[in-house]
Amino acid sequence: MKVWFYITLLLIFFISCVEEVQIPFRSETVKLIVEGGITNDKPPYVIKLSYSGNLIRANYLNLNLAISGARVIVTDDLGESVEFEQSLSERGIYRSIDESYIGKIGRTYTLKVLLKEGRIFESKPAKMLACPPIDSLYGIYEDVINTTEPDGYKVYLDTKDPAKEQNYYRWYAYGYSRVGKICGGKFCSNTCALPSIGDPTSGFNFCWVPRFQTRIDIESDALINGNSIRKRPVFYSPVYAIGKHFVEVTQFSINRDAYQFWRLYQEQSSRTGTIIDPLPAPIQGNVSNINDPLDYALGYFEVAGISRKRLVILGKYDVLEVENNALNFTPKDGGCSLLNASCSRPDGWPKD
Amino acid sequence: MKKINLIPTLSTNIGFGFLFWLCSQVSFGQNYNAKIEGYVTDFATKKPIEGISVTVRQLRKGVTTDANGYYSISVLQGKYVISFTGVSHKLVVKELKLYEDTRLDMEMKESAKDLDEVTVTGKKAEDNTRSVTMGTIKLNVSALKKIPVVFGETDILKALTLQPGVTTVGEGAGGFNVRGGRVDQNLVLLDEMPIFNTSHLLGFFANVNPDVVSDVSLYKGGIPANYGGRLSSLLTINTKNGNPEKWRLSWGAGPISARVMTEGPIIKDKLTLLVGARVAYPNWMISQFPDRYAKSRAFFYDGNAKLQYRLNKNNSIALSAYQSYDNFKFPDDTLYDWRSTAASLKWSSVINSKLSLDAVLVNSYYEFGMKGLKDFYGFYLKSSIEHQEAKVNFLYTPSEKHKIEWGANIINHKVSPSTLNPDGVESSINRQSVRDEFARETAGYVSWEFAITKLLSIQLGGRFSSFSQLGNGRINNYEVGVSKTKESIIDSVSFSDGQVMTTYSGFEPRLSLKVGLDDNNSVKLSYNRMRQYLHLISNTTAISPVDFWKISDTHIQPQVGDQYAIGFFKNLNDDMFETSIEGYYKDILNMIEYKNGATLLLNPILETGLLNAIGKSYGVEISFKKNKGKITGQGSYTYSRSFAKVQTPFPLDLVNRGDWFPSNFDRPHNVVGSVSAQVGKGWTFAGNFTYTTGRPITYPDGLFIFNNQFGNNYSLRNADRLPDYHRMDLSISKDTRHSKDQKKYAVWNFSLYNLYGRNNAYSIYSTRFNRTNRFYQLSVLGSIIPSLTFNLYY
């Protein structure tokens, strides 16, 4: 009897299994993808236009998708409008050209896209909603269970949700830390010497390493209306070296449609194959062909009021703990070999 | 020689009506002048047995006992051999001289204790061609212990999926799908108590303990007029009555759970009790999983109790109670729990030899809870549904050719869609709840089964049901010409407690016709309409714990389904082989579909997230069975399709551009075979094989870059398919009895589930590594699973 129990037990280990497979592929009509929007922040505002790619192989991504030659206009409910101009350096990027055209809380905005091939797309009108201020940002040094990154600062946000209306939030954050060289198994002093002639990388003892948030961070006040939003994690800044960290968080007050779009996008990009996965769906937003409503665009034209806050973490470390952990992850030739690292001081970095 | 317990009572019956005589004249043109009638009861329980075939062998003429165990046959005077056969009872043969009306009551012994027979289905072989019903499956519960099972758990629902027309979306998914229907379209009645969730352990097992079950019938079509409320099927599960003579005990254990059952007389021949329970201990197994899952916790139990009081020969009262509980915890995150509690009280009365009645009171409550364990955001979410019902059924059998049933019921529904409470003082969660919903459903029905001639029978029935949503509540009116959203509400009307808010009603015709070509060949036709007023709201492929029920309201209309079926049935070799081919077509109105990205849970204006859809399914089921002998078994091939189409004037809400698309349960080809062989000395070998086309799934059909990430586009729903599913299981079981009447014995079962260890895909999903997509297949039970289980009887 017991023998079978153990045999059963042994086999259970191998029961639920995941294996890589090849799937057949099916290509559908190419879709317009709209990304970007307008806020009450200072211009320029950015709209990005691209096409969806066909599947050439099930796992192949075609990168040549940017749209050029389109006309992009945003109009508000008072009839004022602003044209967007195609960027010369970045493909598919359009920027508003009128510096004096600034988004205003309470106004309603509509996007119109005229493609070179003739189709005209328009967004549903959306109202710009006021955004409550971020009360505080703070970082707490935490051990993380992650084998690809060192321990670091989890950045949290507190804000107060206004009770009188329904609010929907989106947060975006980015940050920098400064990472130096390793000398003799320890961090060297963080000084930025000039490079020696003939070898442009030789002098940089440290670089600023940026980190951009990629996950979708949204919340509805449906469950917490009028209460504080406390200790909401908004960012993670890994500690590669001893030193300061800089973080900027933007809080967007988005409308309900936008929230639903982001949630759909989040759901669709986080499908994991569990038994309670949502059904797959196109990430259809608020933009569609004015002559053919079935020809919808993917993506979203977002109209949002924003508030922003910056945080500098001075970094009081248990040096030994940090070194033990971070040295496993910091490249031997220093922070300058990390992705997107730069020796120029980023905007907002505190004076040493 | 078997000991036959035969208590013939002779009595003259002079009250035989003229009507019957006339009908006999019309249909047969013969002169009957002797009638034999009587009651068939179970030897052990003294309860009437329904569905026993009483056959006059020389005439090949037979009838079936009704719910009161009553039968009656008229014959010419003469000497006859009469046989009594039933699914789970031993054959009794009696020779009689019939010169006057004769009463022959019969006590029959259960054949579950018979070592010689294991049948896969519990349907009587001759019903295949001779009864008017079609599209029904009866499971022989006593044989369940000997078929292969997963983790040692005998499971009624898994056994049903080996039958044509019954599928699931995958291993570990709760519920079952009948002829392409949804899970919530099955009415599951345990002793008349509706069961709203049939799952244990998130869907791995059914939550009805097979040890306490006496019979299981699934109606895929031809649903009797006395039942309504769900579109696809009716599953009736009846529990055993307690043993009236002696106390008995049985218990058993397997890798997941242990079970115990006891039954016996509290007052001999008057009051009996049966109690059964199962308790699971899956945690020790889960704790062996890799770290990520090892902290998960699960638990379940279920219990049944039945008290049966025999007031006198003609009246009895049965009280049946049921409870099932589950919880499941994902590490550091969320705790789910769900509970079903139900009770029914049934009074059965035989008013006279022709008329009997059943009156039933039912209460069934299902509740689901979810506990969030995150700091500052602790919560407890609860939803529930309650069903209170009173019903009465009359059965009138004026003659062997006529069977008339009528009755009525009233149901009070209460649904609490969801209530959210903060958990812990620091929680930022606000208390929130979606208003409770109330409704009353009333229905009346009549059904008439008429054997016009020996070969031609008709069952005509109708049910009229009415459903009213009651206050308190509010009806929102939406702007015409735009999609329903919160912003398009123009006004709303409030209703006070008990006030009627919306009423739907309609007639549900039920019709079956049998045209026998001869005793062994027949053609049957059926049509039925069903109305469904309750809907399970679920935006996932499999039913999930967070699904909740919704009653029909002004904006969410009741689902209406019509099913047409035709079949040809043939028995061979003195009913040893049973074959059939059945075709069906179903049309469904007002199915619920979901807008992309809709909020369902805690949405007080749920209609803004829902879409109206129509559905159709059709198929052919070809089935072959061998009922007798040392080797028995069945095989079937099913072709079945199931589609849905969203109907909305607003193009952005359309799914698949408004075209028909395959539903999640569209599995065209289905082959099932099961064989059981008796090899002597109590050993039985059994095997199953099942093959099904993979279920529809949506693979990405385009790629895009958004938010600096690569994403997959899914433009069409259910346009692709998972790989085909197939599996073979084997089991060996040993019954330690040496003689059929041995009281103390054990049954051991060793099963090998998924014998050749196929990784059947439950789901395929993709993950991106920078610019490439990689696809992974998840198999839930992707290797051979041995299990050993035993049951001891005292």
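What percentage of the contacts in chain B between residues at least 6 apart in sequence join residues at least 24 apart? The share is 65%, and the legends below place this value in the context of the predicted model.

Figure 1. Six helices and 52 strands make up the secondary structure of chain B. Its radius of gyration is 27 Å, close to the 28 Å given by the globule rule for 794 residues, so chain B is as compact as a globular protein of that length. The C-alpha trace of chain B extends over about 90 × 55 × 50 Å along its principal axes. Of the 794 residues of chain B, 50% count as buried.

**Figure 2. Division of chain B into domains.** Domain 1 covers 6-108, domain 2 covers 127-219 and domain 3 covers 233-793. Between domain 2 of chain B and domain 3 of chain B, the C-alpha centres are 8 Å apart.

**Figure 3. Contact between domain 2 and domain 3 of chain B.** In this view, 63 residues of domain 2 of chain B are in contact with 112 residues of domain 3 of chain B. On the side of domain 2 that touches domain 3, at least two residues each come from α2 (127-130), β12 (177-178), β13 (186-190), β14 (193-194) and β17 (213-219) of chain B. The most is given by β17(B), with seven residues.

**Figure 4. Residue classes on the side of domain 2 of chain B that touches domain 3 of chain B.** This side of domain 2 has 30 nonpolar residues, together with 23 polar and ten charged residues.

Definitions and conventions
Residues numbered from 1 in each chain as written. Chains lettered and ligands numbered in written order. Predicted model: local features only at pLDDT ≥ 70, side-chain atom pairs only at ≥ 80, totals over all residues. Helix = DSSP H or I, 4+ residues; strand = E, 2+ residues; numbered from the N terminus. Rg over C-alpha atoms; globule rule 2.2 N^0.38 Å. Buried ≥ 20, exposed ≤ 12 C-beta atoms within 10 Å, placed from the backbone. Contact = placed C-beta atoms within 7 Å. Domains from an automatic or database assignment. Nonpolar A, V, L, I, M, F, W, Y, C, P; charged D, E, K, R; others polar.
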